[in-house]
Every structure is written in C-alpha cells, then in structure tokens.
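This briefing is for a reader meeting the structure for the first time. Please look over the sequence and the model before reading on.

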Amino acid sequence: MIFNDFGKALSQIGDPSFRGVVFKGVGLTLVMFIVIYAVVIWFLNWILPDPVVLPLIGEVGWLDEVLAGASLIVMVIASAFLMIPVASAVSSMFLDDVADAVEGQHYPHLSQAPRASFMESLRDSLKFLGVLVVANLFALILYVIFSFAAPLIFLALNGFLLGREYFQLVALRRLGREGAKRARSKHALTIWAAGTLMAVPLTIPILNLIIPVLGAATFTHLFHRLVPADGR
C-alpha cells in the first residue's frame, strides 16, 4: 500500500503545483545562502581595517581578500551538507499546495482544508530544520562508531524524521494539532516505513530536491487511507 501511495504521488509529479513548490524551495534556499555569504563578507570588511598590521610582519593589505576566499570555500562546503535539509524545510512552507493538488485530483469529494498561517508554517519549518540538522550531526558520531551499519542508521533516522514531518503536515489540515498527534501515534510504524521510503532518494543528487514534494503527496494518500473520511 505504501508503494501504491508513492506511485500515485510519482504519477502526478508533472503537476504545476508540484513544480512550483520545488522551484520556490530551491530558489529561496539559494537566495538564503547568497544573503548569508554577503552578510559574512560585509562583517569581515567591517571588523578588519585595511591594511591590517600584524606583529613581526607589518602592514598586510590582502588579509580581507584571503578571509573572503576562505569564507567562500567554507560556504560551498557547508551548502553541500545543508542544501538538502534547508531546501526541505523551506519547501515545507508551501506543501499545502501539493496536498491541495493531490486532494483535488484524487479526493474531489473533500472540502477545502484550512491552511496554516504564514507564521505558523514558518515556525514549523524552522523547527523541522533544526531537528533535521541536529539529528544528522549527531548521527555522524554513530556513522563513525558503527560504520558497517551507517546506511541503515541514515535510513532509519531520516525515515523517522521525514515520516513524522510529512504525516503531521497532512494530518494537521484535517484533524488539528492534537488529532494529528493521536493519529501519528496510532500509525507510527506505518509512518516510519513510508518515511524510510522517502529517505532512500536523499542519496541521489537532484532527485533529493523533490523529496519534499513527493513526501507531501505520498503522505496525503497515506493519510486518507489510514484515517476515515469523517476524520475520526
């Protein structure tokens, strides 16, 4: 059934709403990284006088250029690790569009689900990003200790996090926060299994950028299969 839900989501990947969320998520993430880098450069130029006087060396007029280049290298390396979780978190602010598109095509008998406010979506997205980054940084220790099981740890951890996030996103629309929490607890193993399926493409470049869209669509189908139409 989970693979069936994923297949339905994949068959709708050409939907304009799906593409729009991908472009918004990736675009805003790139803008975010560019703004952060610009702030870092401005800060370095602000705190460093030109030229800089170093002990035993004297005046150095190129130190700010060296630090700017070093910061660019650090930003590129950091973006390689953070691009996916940040893009996922940013995209989650717009995933109501994906769920609406899925329900409009496959569940037309349902009424329009209420949307979360921008601030509520922003808060949930930042919370998800924080948990995703911290959990994966902590997992680096486990990867070193249990290197033979690193792929399984990666799938289990990110499967749990993705499943929790995407089911919560869809369930909130129909059940509210408390109802979504109860439904998530009741179907925890199924949600974890579906989240693990979403975690597999995270290792594939480019494809991993559309995981938020596929995840939201898959879990929309999963939710309506697990929860009766009356929402109980």
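The model is predicted. Its protein chain has 232 residues, of which 44% are buried. The secondary structure comes to eight helices and two strands.

**Overall layout**

- Along the sequence, the elements of the protein chain follow the order α-α-β-β-α-α-α-α-α-α.
- Take the contacts in the protein chain between residues at least 6 apart in sequence: 76% of them join residues at least 24 apart.

**Helix α1**

- Helix α1 spans residues 2-11, and its buried residues are Ile2, Asp5, Phe6 and Ala9.
- Viewed down the axis of α1, these buried residues fall within an arc of 100°, so they line one face of the helix.
- As background, an α-helix has 3.6 residues a turn, so residues three or four places apart point the same way.
- On the face of α1 turned away from the buried side are the exposed residues Phe3 and Ser11.

**Helix α4 against helix α6**

- Helix α4 covers residues 95-106 and helix α6 covers residues 150-186; the two pack at an angle of about 65°, and their axes are 11 Å apart.
- The angle therefore makes α4 and α6 roughly perpendicular to each other.
- The crossing of α4 past α6 is right-handed.
- On the α4 side the contact is made by Leu95, Asp96, Ala99, Asp100 and Glu103, and on the α6 side by Tyr166, Leu169, Arg173 and Arg174.
- By class, the residues in this contact of α4 with α6 are four nonpolar and five charged, with no polar ones.

**Asp100 within α4**

- Asp100 lies in helix α4, and it is one of the α4 residues that make the contact with α6.
- Is Asp100 buried or exposed? Its relative accessibility is 19%, and residues under 20% count as buried, so Asp100 counts as buried.
- Apart from neighbours within four places in sequence, Asp100 is in contact with Gln112, Arg115 and Arg173.
- Of these partners, Arg173 is also listed on the α6 side of the contact between α4 and α6.

**Helix α4 against helix α8**

- Helix α8 runs over residues 211-226 and packs with α4 at an angle of about 45°, with the axes 9 Å apart.
- This makes α4 oblique to α8.
- α4 passes α8 in a right-handed crossing.
- The α4 residues Leu95, Val98, Ala99, Val102, Glu103 and His106 meet Pro212, Val213, Ala216, Ala217, Thr220, His221 and His224 of α8.
- The contact of α4 with α8 divides into eight nonpolar, four polar and one charged residues.
- Leu95, Ala99 and Glu103 of α4 are named in the contact with α6 and also in the contact with α8.

**Helix α6 against helix α7**

- Helix α7 takes in residues 188-199; α6 and α7 pack at an angle of about 130°, and their axes are 6 Å apart.
- At that angle, α6 is oblique to α7.
- The crossing of α6 past α7 is right-handed.
- How many nonpolar, polar and charged residues does the contact of α6 with α7 have? There are 12 nonpolar, six polar and three charged residues.

Conventions: Residues are numbered from 1 along each chain as its sequence is written. This is a predicted model: local features need pLDDT of at least 70, side-chain atom pairs count only at pLDDT 80 or more; totals for chains, interfaces and linings use all residues. Side-chain values use heavy atoms; hydrogens and water are left out. Axes are lines fitted to C-alpha atoms, for helices over the stretch in contact, and angles run from 0 to 180 degrees between N-to-C directions. Helices (H or I, at least four residues) and strands (E, at least two) are DSSP runs, numbered from the N terminus. Angles under 35 degrees count as roughly parallel, over 145 as roughly antiparallel, 65 to 115 as roughly perpendicular and the rest as oblique. A crossing is left-handed if the near helix is turned anticlockwise from the far one by less than a right angle, and right-handed if clockwise. Contact means heavy atoms within 4.5 Å. Ala, Val, Leu, Ile, Met, Phe, Trp, Tyr, Cys and Pro count as nonpolar, Asp, Glu, Lys and Arg as charged, and the others, Gly among them, as polar. Buried means under 20% relative accessible area, exposed over 50%, partly exposed in between (1.4 Å probe, protein chains only). The arc is that of the directions from the helix axis to the C-beta atoms.
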